[in-house]
Amino acid sequence: MNNENSWIRAKLQLTQASEKLGLDKLLFSMLSEPDRTIEVSLPIQMDNGSIKVFRGYRVQHNNIQGPYKGGLRYHPKVDMDEVKALAFWMTMKNAVVGVPFGGAKGGIALDSKSLSEIELEKLTRQFSRKLLDIIGAYKDIPAPDVNTNSKIMGWIADEYQKSNIKNQISKNELLAVVTGKPIDKGGSEGRVVATGYGGVQVLMSMLKKLGKSPKELTVAIMGFGNVGRHIAHFLQIEGFKIVALSDSRGGIYIPDGIRDTEEINKYKEEKGFLSGCYCVGSVCDFKNKEKLGGRDIKPEDILELPVDILVPAALENVITSDNADKIKARIILEMANGPTTIEADKVLNKKGVVVIPDILANSGGVATSYFEWYQNLHNEHWKEEEVLKKLKEKMEVASQEVYEVSLEYKTTLREAAYIQALKRIEKSWRSQNFY
Ligand code: NAD
C-alpha cells in the first residue's frame, strides 16, 4: 500500500477535468474545497470500565445537485484528508450516475474489530447525536461504507428519531435520514447487493464496446466484504471465471476457476476470513487445495496475477507506481474508492489497460440509496426485482454517457467520468442562478 494523499489526488483530478472542459472558474473554486468540515471528539466508556476517546469526521463537499450524501467509514486510517477526498468523489459519483444528491462522507478512526458490539453502538449513537443538526432527509444523508452496515445505520436512524421531540419532522423524512437501513426499518430491497450488481452492469456495458464476452474472461477480486462478495456472485452468474479472491488476511488462487463464490461467502461468515477456503461441495478446507490445483496468496499478490480483469474492492491506494507495471490484467474495474494512485494511473494508461473508474463502477450503491430515500419519502416499498431493473437501466445509461464523452474528448474513461460529472453540476448550478 502507498500513502499518497487522496485529497491531493482528488484536487488534481478536478483540475485536469476542469481544464479539459473549460469549467467556470467560480464553480471550480467552489468544488476545490468542501462546503463544510466537522471533526468531533467521541469519548466512550469501554466494556472494561476504561475511557477511550475517538475522533469522528463528516465532510459536506457540495450540494449543488441536491442534499449531501455519502457513507460512514470505520477504519484506523480515517482522517480529515481521506474523508475530504471521499466526499469530493461522492459529489462526482452522484453527478455521473445522475441522482439528485451532492457529496459527503464521514467516519471514525478506529479498529472496529477491537470493539465489542456494545462499544460500537455507544460510539455510533454518540457520533449521531453530534451530527443531529447537520443531517436530515433534505440536508445530509449518511450510508454504510467500509466496516459499517445496516445495523449501524439503524442506530443512527433511531437517534435521529429520538431527537424529534417536538414532532417537527415528518415520519417519512425521519426514515430518509440514512440509507442502507435494515429492510424492516425502511431499508430498500436490493441495497445490500447493489454496488456489486451495479458494477457488473457497468462492466458488461463496457465489454460490449470492446467486443468481448464474459465467457472468455478470468477475474481476480481484492476484498471480500459488502462489495467484493456480491460482485463475485453476480460476475459468476454472467459467466465470468473467478480465479482469485482475497481479504485483509490472505487469499486463494485457483487457476481453473472457483466453483461457487457463495460457498466461500458462507465459510467466511462463519470463520471471519477466506484464507484456506478451498470448497468442494459444501466442504471448504485447506485439504482440498491440491485437488483443486489452488494456492494460497498474500492479500496484495492478487493484483499481479495473470488474469483478464482485476477488481480492487477493498481500500484506496493499492495500485501504485510500485506494482502498476506488474499488473497483467487488461481491464481494471475499480469497485473500491480511489484504489489507483496518480502515478499508477499514468503507467496503466501507457500500457493500454482499460481502467473503469470508481466514480462510475461503484455508483450502483448510491443509486440504490437514492431509490431507498425516494421510497421512504413516497411511502413506497419496491420489490428487489424492480429495484435491480431500475438500477440496471441507470448503470447502462451512465456507462454509455461516460463512454461517449471519452470519444468526444479523446480521454480515458476516468477523465470522461469527471467531465460528465462536471458538465451536469455546471448545468444545475447555472439553472439555480447561484453565481
Ligand atoms: P467492507 O468493509 O465490507 O469490505 C472490505 C473488504 O476489504 C474486507 O473483506 C477486507 O478484509 C478487505 N481488505 C482490507 N484490506 C485488504 C487488503 N490489503 N487486501 C485484500 N483485502 C483487503 O467494505 P465494502 O463496503 O465492501 O467497501 C469496499 C470498498 O468499496 C471501499 O473502498 C468502499 O469505499 C467502496 N464502496 C463501497 C460501497 C458500498 O455500498 N458498500 C459503495 C461504493 C464504494
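Mentor: Strands (E, at least two residues) and helices (H or I, at least four) are DSSP runs, numbered from the N terminus. Two strands pair if DSSP finds at least two bridges between them. This is a predicted model: local features need pLDDT of at least 70, side-chain atom pairs count only at pLDDT 80 or more, and totals for chains, interfaces and linings use all residues. Residues are numbered from 1 along each chain as its sequence is written, and side-chain values use heavy atoms, with hydrogens and water left out.

Trainee: Which residue in the hairpin of β1 and β2 takes a positive phi?

Mentor: Start with the strands. β1 (36-45) and β2 (51-62) run antiparallel, joined by ten bridges. R36 of β1 stands opposite Q60 in β2. Five residues lie between the strands, and the one with a positive phi, near 95°, is G49.

Trainee: Which strands are the edges of the open sheet of seven?

Mentor: Pairing in this sheet is mixed, and the order is β11-β8-β7-β6-β12-β13-β14. The twist averages 20° from one strand to the next. An edge strand pairs on one side only, which holds for β11 (295-297) and β14 (354-356).

Trainee: How much of the ligand's exposed area does the protein bury?

Mentor: Polar contacts here are pairs of N or O atoms within 3.5 Å. A polar side-chain atom of T195 lies 2.7 Å from a ligand oxygen, and a backbone N or O atom of A314 lies 3.0 Å from one. Accessible areas come from the Shrake-Rupley method with a 1.4 Å probe. Alone, the ligand exposes 820 Å², and the protein buries 89%.

Trainee: How many residues of the shell around the ligand are charged?

Mentor: The ligand has 24 residues around it, each with a heavy atom within 4 Å. R73, D145, T195, N226 and N337 come nearest. Asp, Glu, Lys and Arg count as charged; Ala, Val, Leu, Ile, Met, Phe, Trp, Tyr, Cys and Pro as nonpolar; the others, Gly among them, as polar. The shell holds nine nonpolar and nine polar residues, and the charged ones number six.

Note on methods. Axes are lines fitted to C-alpha atoms, for helices over the stretch in contact, and angles run from 0 to 180 degrees between N-to-C directions. A polar contact is a pair of N or O atoms within 3.5 Å; within protein, one must be able to donate a hydrogen and the other to accept it, and residues adjacent in sequence count only if both atoms are side-chain atoms.
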